[in-house]
Every structure is written in structure tokens, then in C-alpha cells.
Amino acid sequence: MVPSGRLEDSLHQGFVLAVTMVREAVDEVRRYRRDKEMNSQLYSKLTVRGKVQVKSSDIQVGDLIIVEKNQRIPADMIFLRTSEKNGACFIRTDQLDGETDWKLKVAVACTQRLPALGDLFSISAYVYAQKPLLDIHSFEGNFTREDTDPVIHESLSIENTLWASTVVASGTVIGVVIYTGKETRSVLNTSHAKNKVGLLDLELNRLTKALFLAQVVLSVVMVALQGFVGPWFRNLFRFTVLFSYIIPISLRVNLDMGKAAYGWMITKDENIPGTVVRTSTIPEELGRLVYLLTDKTGTLTQNEMIFKRLHLGTVSYGTDTMDEIQSHIVQSYAQVSSQSNGSSNSSTPSRKPQTAAPKVRKSVISRIHEAVKAIALCHNVTPVYESRTTVNGETEYTEADQDFSDDNRTYQASSPDEVALVRWTESVGLTLVNRDLTSMQLKTPAGQILTFHILQIFPFTSESKRMGIIVREEATGDITFYMKGADVAMTSIVQYNDWLEEECGNMAREGLRTLVVAKKSLSEEQYQDFENRYNQAKLSIHDRALKVAAVVESLEREMELLCLTGVEDQLQADVRPTLELLRNAGIKIWMLTGDKLETATCIAKSSHLVSRNQNIHIFRPVSNRGEAHLELNSFRRKHDCALVISGDSLEVCLRYYEHEFVELACQCPAVVCCRCSPTQKAQIVRLLQQHTANRTCAIGDGGNDVSMIQAADCGIGIEGKEGKQASLAADFSITQFKHIGRLLMVHGRNSYKRSAALGQFVMHRGLIISTMQAVFSSIFYFASVPLYQGFLMVGYATIYTMFPVFSLVLDQDVKPEMALLYPELYKDLTKGRSLSFKTFFIWVLISVYQGGILMYGALLLFESEFVHVVAISFTALILTELLMVALTIRTWHWLMVVAEFFSLGCYVASLAFLNEYFDLAFITTPAFLWKVSVITVVSCLPLYIIKYLKRKFSPPSYSKLST
């Protein structure tokens with residue numbers, strides 16, 4: 001004889017598995033569709049017969065692919081040819097390394113020189129490339145053309161490559177594919193996604209193991225009390241089956257359906273439009289986060305630079321006074337052009353009194369004139385004009401029409417700051433209209449074109465922190481050396497002044513990125529002397545870099561300080577209040593960026609990631625164990641200060657002092673890691689998981705953030721300008737950074753609290769019936785006979801109690817507005833008190849008490865027939881469950897009321913059909929009603945009283961807010 005209906009159990013378990021499988025399958029199908037969408041983007045492939053369209057998934061090694069401006073590069077390629085006449089193009093690499101500046105790439109000279117596009121098929125050449133590597137900053141290869149005499153060999157380096165996931169920023173490029181798919185640099189730098197399991201699921205698994213142990217112990221105790229008589233082993237097995245309701249099989253279904261419901265609520269929330277839940281298994285993780293690791297570019301900032309401030313020492317101009325500068329520029333150039341023959345020094349307006357303006361005014365005009373001219377000349381920006389016509393797609397290879405109209409011009413540079421400066425000089429009247437390797441042309445407000453010959457350029461490096469340019473003005477022959485750079489580098493170069501340091505500090509506090517601009521006029525002799533020494537230094541074999549730097553430094557003395565500029569990298573909407581909210585919620589924020597240290601520090605201040613009164617400790621560059629030890633010791637002495645560290649130094653610290661470093665960094669209120677590679681970002685996430693055992697969340701918007709997003713317990717992607725790579729790889733996708741506040745404080749918190757309540761209630765539902773079974777068996781001489789047969793058990797777990805129990809997913813302790821107003825409520829969740837062994841034991845005690853009362857009560861109050869015991873106890877059990885749901889609920893929703901009454905109605909209606917279990921004549925008597933009522937009141941009333949007293953004398957934190 002097999003106790004209780006095992007068929008029903010099999011159906012039950014089958015249903016449980018089916019629900020889980022369907023939910024996982026839906027997630028998989030969605031992922032498949034997203035990948036298919038990315039893989040079916042079309043590109044032009046060049047063949048002997050002309051251009052053909054191919055899907056990105058069909059591109060193979062050796063294909064010649066044409067990529068247009070603003071198109072993503074589909075595979076790793078060698079750059080053969082471009083429509084730009086200088087044989088070079090700019091690409092944006094923010095998806096690959098997180099750096100916002102554009103990179104200059106050079107086409108292979110041999111193929112760029114070919115007269116027409118089709119000639120690529122008339123030559124015999126091959127490319128040798130090294131095996132696929134992880135390093136995105138290096139490449140070694142050769143290009144060999146065999147059909148010439150002698151054979152042409154060209155070495156290929158990183159500047160001849162176009163890596164996948166980067167975007168063409170200028171012109172049209174043609175490349176030959178060398179790596180595809182898993183061998184591309186971007187995929188090699190992406191870690192493999194893992195299946196994420198939420199902390200709540202792990203905690204419930206632990207409790208289920210405890211329940212299984214309890215089931216086995218209870219069965220052994222029952223057999224022991226029987227005295228191990230007869231076939232005790234068979235009895236042990238039967239008891240184990242009888243008490244199987246202790247283990248809540250329906251918990252999995254309820255939680256999975258609950259997770260689906262939370263996902264639906266997140267998607268439908270009008271306050272965070274466009275949010276997508278891509279992994280439906282971990283919404284509760286959003287309520288348990290301790291560390292938030294965020295990218296900078298495009299996540300905290302918009303990556304749009306805007307010129308905000310020009311300071312001349314005595315006078316400062318902001319956005320509202322730019323029109324004054326414009327009028328000064330118009331005035332100064334009008335004076336210059338009205339000079340006789342324009343021969344008097346054109347770089348500064350003549351001092352002849354043109355207007356009756358006071359003396360001081362004049363000097364301000366000339367100083368503005370000099371400052372604006374310096375900003376318009378000292379840079380690495382190239383104006384680009386779009387080609388107007390394309391005939392058969394070939395015109396892109398003819399030179400673009402020289403259409404200098406303003407609406408047709410875009411600027412290209414390796415740094416967005418420089419573009420912002422040149423755009424600003426255009427807005428005040430001095431426009432950069434043309435530039436090549438040897439000269440540049442400026443257009444004055446009156447439309448006159450000024451030509452300057454570029455004699456030397458000293459590019460910006462992270463060591464020198466400055467860039468310089470020497471130009472000769474064509475009209476006057478004047479040679480000027482202009483220089484701009486960071487204040488730390490320029491302070492010692494410019495003439496003594498008393499305002500620079502203070503103003504730099506003021507601008508940095510406003511979150512502006514500052515550049516100091518200076519100039520020095522050179523005579524022809526001075527320049528010739530410099531050029532000779534410079535060329536000599538460039539030819540030296542030993543210590544070339546040092547000698548070249550020494551020669552340039554001989555010029556960088558006593559330069560005339562012209563102005564200080566302030567450029568703002570605009571933050572995303574509401575970044576400051578969102579970070580404030582997260583900090584108050586007890587979440588520690590780490591910023592991991594591929595950008596420069598100065599920029600990262602500046603954004604950390606302006607976004608209030610580091611609060612105003614906090615000190616910042618900039619970790620000095622370290623390269624070996626000894627240096628790391630000293631630097632860590634000096635950092636240990638600092639208290640409550642934010643840490644800024646570069647990727648290289650971090651690598652050294654982790655190699656030798658991993659545990660000490662993580663321990664110190666975790667005590668910091670904020671940490672900024674700059675110059676981080678994608679793999680390093682993921683490594684930091686894993687470090688925090690191992691050393692702190694806390695939940696981590698990573699948020700980013702670029703391809704370089706994918707590894708970090710997949711490594712974190714909970715990954716959030718932002719759909720932005722950078723493309724969809726991060727949002728597709730993430731568990732949750734949002735459209736703006738500010739939405740993360742509501743996602744965590746409201747949805748994360750609710751999901752966790754609801755799932756905790758739901759999980760424990762489902763366990764209670766199984767425990768109470770198992771307790772009744774235990775009491776029943778022990779009274780009837782430890783017989784292994786089921787108390788409730790067949791349909792009663794199936795109905796109990798489904799139609800009679802399922803809807804009210806599941807309606808707990810609609811419960812909330814505080815309104816969303818309150819949760820956002822008091823983020824401190826979130827801090828409580830990280831302690832995991834909603835679901836712990838303590839709360840679990842309380843529920844076990846409640847279940848044992850109620851099960852005991854229901855069973856003993858029914859046995860005490862029944863008079864003649866045993867079938868009355870079943871009727872009384874089962875009815876009281878259903879009522880108790882419905883009342884317990886009502887006791888657990890904190891905020892009523894109309895659907896909860898419907899669920900309660902619907903379940904009660906279903907039970908009452910089904911009594912008519914349950915004549916094989918119940919005596920229908922007895923059920924309609926008043927005796928039945930009063931007995932059921934008494935038992936139910938005794939089982940539930942004490943709990944209601946305890947709840948009332950607890951709310952009165954020890955109210956939970958949320959109830960203090962909601963009253």
C-alpha cells in the first residue's frame with residue numbers, strides 16, 4: 001500500500017519543472033533574438049565583380065570589407081585604404097577600451113597609393129598576422145606585395161589595424177579581415193557569461209536542506225517510538241513519504257512566478273521607461289547590493305564637452321557673458337584690417353585710438369584677442385567637410401569639394417576637450433576652416449582668411465601633460481610658440497602671477513577641466529637656433545627622448561600667461577542626487593574607467609562621488625614590491641579619504657599585497673580606478689566578491705564594460721550613444737543612470753522582501769500539515785496512515801491556498817515615494833534579516849503550534865465519526881491559512897482581497913463534491929461551524945495579539961515612516 005496519492009505528487013512535480021523550464025526557455029529565446037539582430041547587420045564586401053552585401057555573421061578571414069563613416073567595424077581588419085586624401089582616418093574606441101578620444105589610424109601605404117578601388121584585385125599581395133592575442137594596444141604583422149620588382153615589404157603595427165567594435169569617425173575605410181568571431185580582440189577581452197544565482201535562492205536552498213534533515217529525523221523518531229517492530233525499514237520509508245510535505249516543492253513554482261511578476265512590474269513602471277529585465281532569475285539581488293561599480297564615460301557623463309569659462313586673471317567670462325568676447329573679437333579684427341596695408345603688427349591690434357574707449361578697455365580687448373587666437377591655433381584638431389555627391393559609390397575616393405560652409409564642417413581630434421575649445425572659438429568669431437600637416441587657416445568675423453604655417457608640434461603625453469605648437473603667420477612672418485596644458489605642468493613654465501593656482505582650484509571645485517594657455521614670441525634667429533638643436537637631438541642614438549625633451553624645455557621658460565579655460569564634461573541627468581541616494585542607502589560606489597587620472601578625479605568631484613569635504617588620496621605610480629609597500633603604508637595612515645589609483649599600480653598592489661589592499665580600499669567611502677582595461681574591471685569585481693562576500697552590481701554602457709557586467713552578481717547596462725553591447729549583456733537594461741535609484745530602492749527592495757515572505761509562507765504551509773500528520777500518527781499508535789487522502793492534498797497546495805499565498809508578491813511595507821525619500825531603509829536589507837535562520841525558526845514554531853492546535857482541537861471536539869475529524873481539521877486548516885496570509889500582509893491590494901474570497905468560495909463550493917472525504921450531513925450542522933470557529937480562533941488569535949503588541953512596543957523602522 002502506497003500512502004497518499006503519488007499520482008498527484010508526480011503531476012505536481014512535473015508542473016514545477018515545467019514552469020521553471022518555460023521561464024528559462026523564454027530568457028534563452030530572447031537572448032537568441034538579440035544576438036541574431038546584431039549578427040545580421042549588413043556590410044559591403046568588395047569582390048572582383050563589385051560590391052555585395054553580406055551579414056556580419058558571414059564575414060570571413062581574407063574578405064575585403066568597406067565600412068562607412070559612423071558604422072561599427074564588424075571584425076579585426078588591416079586598414080588598406082581610405083577616402084581621406086591624407087591616407088589616415090580617425091576611429092572611436094570607447095567600446096573597446098573606454099577612452100573617449102579618437103585614435104588616428106594609417107592605411108597601408110602600398111594599397112593607399114593605388115589609383116582606383118578596383119586595383120586591389122590587380123595586385124598580388126598577402127598579409128602576415130601574428131596569432132590572436134589579448135592585448136588591444138599591440139600588433140605585429142607584415143604586408144608583402146610580390147608582383148613588383150623589388151618585392152615590397154611593409155611592417156604593420158597597431159596603427160594599421162581596425163579592431164572590431166570600434167567605430168569609423170571619418171571617411172570610408174576598406175580593410176582586409178584578419179580575425180573574426182572569438183579571435184577578435186574585443187571578444188578575447190570579454191569574459192564568458194556565467195549563470196547567475198541569487199543570494200535569496202541560495203539561502204532558501206540552505207533552509208530546504210534543514211527541512212529535509214527535519215523530515216528524516218521526524219521519520220526516525222516515529223519508527224523509534226513504534227519500537228522498531230516488524231518491517232521497521234518499510235515503515236521508515238512510509239513515514240518519509242508521509243512527511244514529504246515538509247519539503248516545499250511548490251516553492252520553486254511560486255518563486256519563479258513571483259520573479260516573473262517582479263520583472264513585469266519593473267518593465268511597466270512609468271517612472272523608469274524603457275527598462276528591460278533580461279535575466280528574470282535575480283530581481284531580488286537588486287535589494288541586497290553593497291558595492292556598485294560604475295563606468296564613467298557615457299554612464300556618469302554624457303561625453304559631451306562644453307566650454308564654460310575663460311579667465312584672464314583680472315576678468316572672468318562665463319556662459320552668459322560670451323557675447324562680450326564676441327564683440328571684442330569683432331572689434332579687434334576690424335581694427336587690424338583697417339590698419340594701412342595691414343602691415344603693422346597683425347598679432348596685436350594697433351594702439352592708434354580708433355574709438356574713444358578708455359585705456360584699460362583697450363588692453364582687455366588685446367588680451368582677449370591674443371587668448372582666443374592662441375586657443376584657435378594651439379591644438380590637434382582637423383576640420384572635415386562632408387563630400388556632397390556620390391556617383392556609384394566611387395566619389396568618396398575623389399577629393400571632397402572645398403565647401404567651407406559652417407553647416408558642412410565637423411571637427412576631428414583625439415580629445416573631445418580640444419574640439420570643445422575650437423567650437424567655442426568658432427562661436428565667438430574665429431573659425432578654424434582648414435588644416436593639413438604644414439598649415440592651418442582661420443577665418444575672422446569679417447570673413448578674411450588668415451594662414452599660419454605649422455613649424456613644429458609637440459604632442460600631448462600623459463607624462464608631459466601639455467602640448468605645444470610653433471606657427472609662423474603668413475601675413476606678418478611673426479613666429480609664435482603657443483602652449484597649453486594642465487596647471488601642474490604649466491605653473492613652473494609661465495611668468496610669475498598671483499591668480500593662476502587659486503582660479504584653477506575654483507574651477508576644479510565647479511567640476512570644470514582646466515587648461516592653462518601661454519605663448520612666447522620668437523625671433524627668426526631664436527627659432528633657427530632651436531630648430532638646429534632640436535633636429536640634432538632627434539638624430540641622437542642614446543637617450544633620444546631625454547635630449548629632445550631638454551631642447552623643448554629650453555623654450556618653455558618665462559612664457560606669457562594668456563588665459564585659463566574651463567571645459568565641462570556634462571554629467572548625465574540627475575547623477576548627483578542619484579549618487580547621494582545610493583550613498584545614503586549604504587552602497588559603496590567604485591568608479592572604474594579607462595580614462596586619464598585627472599579627468600577621472602575631476603568627474604569624481606563634480607558628480608559628488610567624492611563629497612566636498614573629503615580628502616582624496618592619489619595613489620602614486622608604483623612598479624615594484626617595495627614601492628607598493630611604502631605607498632600602502634602611507635595610505636593606511638589616512639582616514640576617511642577617497643582613493644584614486646591607476647590600473648598599473650593596482651596590478652602591482654594586487655600581485656604582492658592583495659588582501660591588505662582590498663581591506664584598505666573597502667574602508668574608503670569612494671574608490672576611483674583609472675586607466676583600467678576591461679579584464680581588470682572584471683578582476684576588481686571578483687576581488688570584492690571573494691574578499692567581502694557582499695553582493696556587487698556593475699553598471700556600464702560600452703563594450704569595454706561587458707566583462708565587468710557579467711562578472712558582477714547583478715549587471716546593469718545603459719542603452720546609450722556607445723551602442724547596445726553592454727545593455728544586451730546585462731541582466732537589467734536601463735535608459736538613464738538616474739533610473740538606478742528607483743530600480744534598487746523600490747523594485748529591488750520590494751522583490752527581496754516579497755520573495756522572503758513568500759518563501760517562508762510556502763514553507764509554513766508544508767510544515768503545518770506535516771505537524772498535523774505527526775500528531776495524528778502519534779495518537780493513533782504511530783500508524784503510517786495519511787491524514788488527508790488524494791484530492792484534499794492537491795487542493796490544499798493549489799486551488800485552496802495558492803492565490804492568497806501568491807498575492808504576497810503585491811505586498812509592500814512602504815510606498816515607493818517613502819522608499820526613495822528614506823534610502824536608509826535599504827541599508828537594513830543588506831543584513832539579510834527578512835530571511836534568516838531566526839525568522840525561519842519563528843515560522844517553524846508558528847507551524848508546530850498551529851498544527852498541534854488544529855489536530856488536537858479536532859480530536860477533542862469530534863464525537864462519533866472519525867470522518868468528522870478530517871472535516872473539522874481540514875476546514876480549520878484552510879481558514880487558518882487564509883487568516884495567516886491576512887496577518888502577513890502589510891499593505892492591502894484589491895487583488896489580495898479577491899484572492900482571499902475566491903479561495904474561500906472555491907473551498908465552500910467544492911464541499912459539495914467531496915462526499916468521499918466528508919460527511920455532508922454533518923457539515924451543514926451548527927456544531928460543525930462552532931467547532932471549526934473555535935479551533936481557528938485558538939490557532940490564530942494569539943498570533944494576532946503578539947503581532948499587535950510587537951507593533952506597539954517594538955515597531956519596525958518602516959512603520960515609523962508610514963504613520
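Buried means under 20% relative accessible area, exposed means over 50%, and partly exposed lies in between (1.4 Å probe, protein chains only). The model shown here is predicted, so local features need pLDDT of at least 70 and side-chain atom pairs count only at pLDDT 80 or more, while totals for chains, interfaces and linings use all residues. Residues are numbered from 1 along each chain as its sequence is written, and side-chain values use heavy atoms, leaving out hydrogens and water.

View 1. Helices (H or I, at least four residues) and strands (E, at least two) are DSSP runs, numbered from the N terminus. The C-alpha trace spans about 125 × 70 × 55 Å along its principal axes. Of the 963 residues, 54% are buried. A contact means heavy atoms within 4.5 Å; among contacts with a separation of 6 or more, 72% join residues 24 or more positions apart. The protein exposes about 43,000 Å², and carbon and sulfur atoms supply 57% of that area. Such areas come from the Shrake-Rupley method with a 1.4 Å probe, and for residues only the protein chains shown count as cover.

**View 2. Lys-194 sits in the loop between helix H4 (185-188) and helix H5 (199-226).** Is this residue buried, partly exposed or exposed? Lys-194 is partly exposed, because its relative accessible area is 42%. Leaving aside residues up to four places away in sequence, Lys-194 touches Gln-689, Gln-710 and Ala-711. Ile-768 is 574 residues from Lys-194 in sequence, and the two C-alpha atoms are 38 Å apart in space.

**View 3. Glu-203 and Arg-288 form a salt bridge, with their closest N and O atoms 3.1 Å apart.** Glu-203 belongs to helix H5 and Arg-288 to the loop between strand S13 (276-277) and strand S14 (289-294), so the pair ties together parts that are 85 residues apart in sequence. Both Glu-203 and Arg-288 are buried. To count as a salt bridge, a side-chain nitrogen of Lys or Arg must be within 4 Å of a carboxyl oxygen of Asp or Glu. A search of the whole structure finds 32 of them. Salt bridges also link Asp-201, Arg-252, Asp-256, Lys-259 and Glu-284 in a network.

**View 4. Arg-620 and Glu-631 form a salt bridge, and their closest N and O atoms are 3.4 Å apart.** This pair links distant parts of the chain, eleven residues apart: Arg-620 is in the loop between strand S27 (615-618) and helix H17 (625-636), and Glu-631 is in helix H17. How do the two partners compare in exposure? Arg-620 is exposed, with a relative accessible area of 56%, whereas Glu-631 is buried at 4%.

**View 5. Asp-147 and Arg-145 form a salt bridge, with a closest N to O distance of 2.7 Å.** Asp-147 is partly exposed at 37% relative accessible area, while Arg-145 is buried at 16%. Pro-150 is found in the loop between strand S8 (141-145) and strand S9 (152-156).

**View 6. Asn-70 and Glu-558 each have a positive phi.** Most residues other than glycine have a negative phi, and most peptide bonds are trans. For Asn-70, phi is near 65°, and the residue is in the loop between strand S3 (64-67) and strand S4 (76-82). For Glu-558, phi is near 50°. Glu-558 is in the loop between helix H14 (544-555) and strand S25 (560-571), and counts as exposed at 56% relative accessibility.

**View 7. A nonpolar patch is formed on the surface by Leu-883, Val-937, Leu-941, Tyr-944, Ile-945, Tyr-948, Leu-949 and Phe-953.** Together these residues have about 790 Å² of accessible area. Patches use residues with over 30% relative accessible area and no salt bridge; like charges are joined within 9 Å, and nonpolar side chains (Val, Leu, Ile, Met, Phe, Trp, Tyr) within 5 Å. Which helix gives the most to the nonpolar patch? Helix H31 (residues 926-953) does, with seven residues. Leu-949 has its place in helix H31 and is partly exposed at 40%.

**View 8. Arg-509, Arg-576, Lys-605 and Arg-612 form a positive surface patch.** Arg-576 lies in helix H15 (residues 575-584) and counts as partly exposed at 35% relative accessibility. Lys and Arg count as positive and Asp and Glu as negative, with His and the chain ends not counted; the place of a charge is taken as NZ of Lys, CZ of Arg, CG of Asp or CD of Glu. The protein has 98 positive and 100 negative side chains, and the centres of the two sets lie 5 Å apart.
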